[in-house]
Structures are given as structure tokens and as C-alpha cells.
Amino acid sequence: MNLRSVDLNLLVVLDALLTERNVSRAGERIGLTQSAMSAALSRLRELFDDPLLVRFGRGLELTRNAEELIVPVRETLERIEQTLSKKAHFDPAENSRSFSISASDYAVLVLLTPLVRALTTEAPNVTVHLLPRARDPGRMLQSGQADLVIEPSELFGDAGFPSTPLLSDRWLCAADAQHPHIAKDCLTHEQFLELPHLVYGIGMDRQLNLADQRLAEMGIQRRIHVTVESFLLVPFLIEGTPLISLLLEREVRALHSCPRLKLFEPPLPCPTFTKRCIGILDITTTPHTPGCAIDYAL
């Protein structure tokens, strides 16, 4: 293809269409009328030999080809913006960009608290928006709602986004220190099944954490009495109750231990917990690459 025959402004239009999945909203996003957007969409369809957006019910859906264009188009525009900024290197003391990070409260406590502390001194003009977890973290990246997502590796697989491992952790079982039915320093298989559980879940459908998902896949039947969408509330909710729950070891350490809790090795196998940082930004590059303030602090 001869690039001289291609209007590269169409990339901006394409990015807006891929993000909004609506011609009118995409036009509002970049300041073009609906007729101009419709004309640009026709040119894009001819350029890619693909409809890109197709009618589905009352709305529009992306074709498979369009879905595959989301990340490369976003990365291309990011690189163009970086080139035009004419900055030879990233200076955290001078940079004033803003970043959005989607993460659980566990990740905020264990990983992002040091990040925030580092930014206040080394990148005082950078703004970070900490967003709650989403049921579909990949869509948050594709739509531009988040620049980075911190999630367990198993929830992404090979999603096509740049990523890097951040930490691993292990699950422990927690109960009140004065629990009336756990006299010894170990929790038996029978007690684990018989005692009421408090579990972490996300969203209205209460998606279970990976350890609880594994137990469900194994066909383990438990008495789940409480679900909560916060890792950090779990230790406080089980204090003074007969409830037991699975906690992550780094969480307990970050909370400076929980003196009113007892911690046990789970009597059933739980998977290793591995967090990855996944994003549209190239977070695997060196700290002084333009556009990588988050990597600098991490």
C-alpha cells in the first residue's frame, strides 16, 4: 500500500469509532459532524475492505477485523503523539500526564500504595486515577477507560496486550482467634467444609476469586454465608464470628497483621495467585521511555 494515497487522519476517526462503536458519539469525541463521520467510515471500509461496524439489534458491533485493529491503532496514535511532542526522554519531575489504573483494593494496598508515595516526590505533576475492578478488564483497555489493568494472569490469558508479572502470593485460611470450633493450630478438611464461609466476589453476579473458583471446579460444597466485593474488608468482617475465609498472605502483612485472627494452611489445594500489569502503554520498556510514568514508579 502506498501511504501517500492514504489520509492518515482516518486513523483518528477509526480510533474513535472503535472506542465508541457509535458514529454520532465518535463524531462528538473528535469534533466532526455525523455526515463527515459517515463519509470517513465509508472510506475506512474501502481502505480495509471490511465493514468494520455492522448493525446488531439497535446498535452497532465491531467485526472481527475491527476488534483486531483496536490495539495496533491505539499504539500507532500513541507513538505519533510521542514523536510530535519532541521530547528526547521522559522526565518524571516535569511530566504532567494522567493515567487510569484498574485494580482491586488488594492490588492498591500491596502494589499501588508505594507507587502513590513515589509519585508524590518523583512525579508531583502526574495524576493517577485508581479505578475499581471491572467484570471485563479487557474491554476497559480497549475502550480507553483504563491505561493499565492489574489482574491475575488467569483472567487474561493471551489477550494481545503488553504485560509484565508483578507479584505472586499464596492463600491462607483465616478465622477469629477465639473461634469456638477451631481449638488446635490447624484447620481440618471437615471443619473447612462444615464452617460458614465469607468469600470475595466481584460484580452483581458475584464472580468468585480464583481460589474459590478452583474449589467450585473441584466440586467442593461449602456453606457460603457472606460475599463481599472487597479483599480488605474480609479480615474485619470475620472477627468475632464463626466465619472462615481465604486471605492472601501479602494482604495480612500489609495490614500489619491481624491480632484477632488465626491463620491456617488451607486443608485443600489452592492455586498460586499471580498478578500481572496489562496495558495499552508499553509497560515493559525502560523507565525513561516517553509515556511510561507508571513503569517508572512501579
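**Exercise 1. Find how much space lies in the largest pocket, and which residues line it.**

Start with the volume: the largest pocket holds about 390 Å³ of space. Here a pocket is an open set of points on a 1 Å grid over the protein atoms alone, with protein on both sides within 12 Å along at least five of seven lines, and lining residues have an atom within 4 Å of a point. Grid points are joined across faces, edges and corners, and the volume is the space filled by probe spheres set on the points.

Next, look at the lining. It has 16 residues, and D15, R74, L77, E78 and E81 are the closest to the pocket's centre. Helix 1 (9-20) and helix 4 (64-85) each supply at least two lining residues, and helix 4 gives the most, with six. Helices (H or I, at least four residues) and strands (E, at least two) are DSSP runs numbered from the N terminus.

Finally, sort the lining by class: eight residues are nonpolar, two polar and six charged. Ala, Val, Leu, Ile, Met, Phe, Trp, Tyr, Cys and Pro count as nonpolar, Asp, Glu, Lys and Arg as charged, and the others, Gly among them, as polar.

A word on the model: it is predicted, so local features need pLDDT of at least 70 and side-chain atom pairs count only at pLDDT 80 or more, while totals for chains, interfaces and linings use all residues. Residues are numbered from 1 along each chain as its sequence is written, and side-chain values use heavy atoms, with hydrogens and water left out.

**Exercise 2. Work out why the pair of W171 and F231 counts as tilted.**

First, the rule: rings of Phe, Tyr and Trp (its six-membered ring) pair if their centres lie within 6.5 Å, and planes under 30 degrees apart count as stacked, over 60 as edge-to-face and the rest as tilted. The structure holds three aromatic pairs. In this one, the ring centres of W171 and F231 are 6.5 Å apart and the planes stand at 40°, so the pair is tilted.

Then place the partners. W171 is in strand 7 (residues 171-176), F231 is in the loop between strand 10 (223-228) and helix 9 (234-238), and the two are 60 residues apart.

Are they buried or exposed? W171 has 4% relative accessibility and counts as buried; F231, also at 4%, is buried too. Buried means under 20% relative accessible area, exposed over 50%, and partly exposed in between (1.4 Å probe, protein chains only). Last, Y106, W171, Y200 and F231 form one aromatic cluster.

**Exercise 3. Describe the second largest cavity.**

A cavity is a set of grid points where a 1.4 Å probe fits but cannot get out. Strand 8 (196-202) and strand 11 (244-248) are the elements that give two or more residues, with strand 11 supplying the largest share, three.

**Exercise 4. Locate R260 and list what it touches.**

R260 lies in the loop between helix 10 (249-254) and strand 12 (261-264). At 48% relative accessibility, R260 counts as partly exposed. Leaving out residues up to four places away in sequence, R260 touches A175, D176, A177, E239 and G240, where contact means heavy atoms within 4.5 Å. The C-alpha atoms of R260 and Q178 are separated by 7.8 Å, although these residues are 82 apart along the chain.
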